[in-house]
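Subject: Structure handover

Hello,

The structure we spoke about is below, with its sequence. My notes on what was found follow it.

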Amino acid sequence: MKKINYIRLVELLPIFLMAFCSALLLNVLLSSPVQLSSDGYFHLSRIYNLHSSYLGWLYPQNFMSIGKIGVATNVFYPSLDMQLLMNIIPRSIDPSIQYKLFIYLTLFSLMVVSYITLRYLNKSEIVISTLLSILWGSFVIALEVENTGGVGIAKVGFPLIAYGILHLNEKKTILPLTFGIVLTSFAHVLTTFFVILFILAYLIVYLLCFKDRVDVVKNLSVAGVLVFFLTLPVTVPLILVKLNNNINFPELSLDWWVSRYIYINDLFSKPLYLVLIIFILLTIYVLRKVNLAQIISFIFICFGMSTFSWTYFSQGGILSFIQTPLRLFDFGLYFCVAISIVCLSEKTFSIQILKIITTYTVFILIIVSSIIFPQNMPDIGKDGKFIIANKEDILSKFSSNTDVTGMRGFGAFDRSTFNIPEFWSIKNYSDYVPKEILEDDKNQFLLSDKKANPIVKHMLVMDGQESVGTSNFNSTTDKIKFTITKSIAKQTIKLPILAYKFTNINVFLNNKKITFFVQDGQITINKEIHEGDSITIKQNIPWWEIIPSLTSLLVLFGVIILELKKKLNQN
């Protein structure tokens, strides 16, 4: 019994060590006011929208932030991975702490999933599994703190996918590969696209060069079917909303697109890139071989560098949805690191080599901490105190009819800042809104767009383009309620809430349900309303969220039951 308890304790030690290393890496972020980037504000807004409901990811529209006008972020930015972590965090704490804890839990999840893959699937030694998992989490968080809610959390599934690809001719690969892809798909659609593209390229080359084709095709087909059903909550809403609405997708300028390559000198100006490449080369040297997955990763890396020009394609708009070639470089580099970690964990090392790897891991932690520090440390004023955005700054910016672009110059944010309602409307992205609400669909933000401005200002717009303000504007995950400030005769009135066809929305006037229609991408009514009347917009979870989710859940339970039966039969 003592021996069993000792073994259990030893197996728990890596988890405690990973929890400690996560806190150590993020100590600056956890102990200071929140310094946001543009992407950081977007993901913080998504986190805030999910924090008040355990099922917030199933509601298509964001009523809590990004202007509180109902942008369909949950459809085009899948949020289940984020929701699972947010459900661990107490809802009573303020958003700044929630944001910090979310980043911490994401880093911890990166390490833990990697450890499970290496230790229990790949049957690696406990020490090397722990060290490589800490390295993996450190590598990812170093460049993805600001994108933790998107690309960062999507990489949680990379070790599972890497393990699955490396053992594609074995039946045991099916579930790890499946769940790795599913974890990625519930966090970031574009990264999932790259994963599928990678697997297809790998399969084509494998079928041409290797003999055990039948097992590979069979395993990949089963994994593909499982992925299809388990990702229905992502694909069905995205396809239906896209087909039934004219969506404004993110689109960067040509100058931005063609300038976001990685050049050789960038590898020296951004030391982490160099560290990752050295790690991959050292892995190849130690193992004395390069595998097919690494070669294909190198091709992705080259496509994201100046070795290949995408200018022609970007001008034609063929591949503009990837936004920047840097995404190809980033995916290829990190996926190659994931492949290398799985390969390296299969080798048995002497005590002396493990000591060297431990020293290397500590060295990497120091480098990563220094990279995270300047990115997320608030600026310090002449008085020696943090520069914090105050209420006057936020109200002034909101009333100026221009969205905040550079978050760094705005200052950092603390607990008091997040309690200002206007804070959630200082940066109103035009991504994923109906194009009809925009005067110019090239505008990246809504306040600066003349036609969309009244929506963000929470104003009613009538037939003659006259606008009337609202008051007592309150929102929750599924409901928005406001008061009319001026009586309006019966006419067409656009409410300051976005309308997506095929969603499940109800409108109430003084708690009585009324009919509405969609006009120019907004919820529109034709009613006489009076000063002091209250209007409530309530969104319900639509059938195309419920049915795919239940289907996915049933398939998941079926897989678990079959695996348990298999284990029982083996015993």
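A residue is called buried here when its relative accessible area is under 20%. By that cut-off, the buried residues of helix α16 are L272, Y273, V275, L276, F279, I280, T283 and I284. Please keep in mind throughout that this is a predicted model.

Overall make-up

The protein has 571 residues, and 54% of them are buried. Its secondary structure comes to 24 helices and twelve strands. Of the contacts between residues at least 6 apart in sequence, 74% join residues that are at least 24 apart.

Helices

To return to α16, this helix covers residues 271-287, which makes 17 residues. From its first C-alpha to its last, α16 reaches 24 Å, close to the 24 Å expected at 1.5 Å a residue. An α-helix has 3.6 residues a turn, so residues three or four places apart point the same way. After the helix comes R288, which has a positive phi, near 60 degrees.

Helix α3 takes in residues 38-50. With 13 residues, α3 spans 19 Å from first C-alpha to last, close to the 18 Å expected at 1.5 Å a residue. How many of the 13 residues of α3 are buried? Eleven are, so the helix is largely enclosed by the rest of the structure. The buried residues include Y41, F42, H43 and R46, and the run of buried residues in α3 also takes in G40, L44, S45, I47, Y48, N49 and L50. The cover over them includes α4 (73-76), α5 (80-86), α6 (95-121), α8 (148-154) and α22 (415-418).

One residue of helix α11 (residues 189-209) is also noted here, namely L203. Its relative accessible area is 17%, so L203 is buried. Beyond the neighbours within four places in sequence, L203 is in contact with V216 and L220.

Strands

Strands of a sheet pair through backbone hydrogen bonds, either parallel or antiparallel. An open sheet of five strands runs in the order β4-β3-β7-β11-β10, and its pairing is antiparallel. At the edges are β4 (467-468) and β10 (517-519), each of which pairs on one side only. Within this sheet, β7 (residues 488-498) and β11 (residues 522-529) are joined by six bridges. I488 stands opposite I529 in β11.

Strand β8 (residues 504-509) has antiparallel pairings to report with β12 and with β9. Six bridges link β8 to β12 (residues 534-540), and three link β8 to β9 (residues 512-514). Which residues are the bridge partners of L509? In β12 the partner is I535, and in β9 the partner is K512. The hairpin of β8 and β9 has two residues between its strands, and N510 there takes a positive phi near 50 degrees.

Empty space

Rolling a probe the size of a water molecule over the atoms shows where empty space is left. The second largest pocket has a volume of about 1,300 Å³. It is lined by 39 residues, of which L175, P176, F179, L556 and V559 are the closest to its centre. The elements giving two or more residues to this lining are α5, α6, α9 (158-166), α10 (174-185), α12 (213-230) and α24 (543-570). The largest share, 13 residues, comes from α24. By class, the pocket lining has 28 nonpolar, four polar and seven charged residues.

There are also two cavities of 30 Å³ or more. The largest cavity holds about 70 Å³ of space. Its lining is made up of W57, N74, V75, P78, S79, L80, F186, P233, V234, P237 and E545. Two or more of these residues come from each of α4 and α13 (232-244), and α13 gives the largest share, three residues. The cavity lining divides into eight nonpolar, two polar and one charged residues.

Regards

Definitions and conventions. Residues numbered from 1 in each chain as written. Predicted model: local features only at pLDDT ≥ 70, side-chain atom pairs only at ≥ 80, totals over all residues. Heavy atoms only, no water. Pairing = 2+ DSSP bridges. Helix = DSSP H or I, 4+ residues; strand = E, 2+ residues; numbered from the N terminus. Expected span 1.5 Å × (residues − 1). Buried < 20%, exposed > 50% of the residue type's maximum accessible area, 1.4 Å probe, protein only. Contact = heavy atoms within 4.5 Å. 1 Å grid on protein atoms, 1.4 Å probe; cavity = no way out; pocket = protein on both sides within 12 Å on 5 of 7 lines; lining within 4 Å. Points joined across faces, edges and corners; volume = space filled by probe spheres on them. Nonpolar A, V, L, I, M, F, W, Y, C, P; charged D, E, K, R; others polar.
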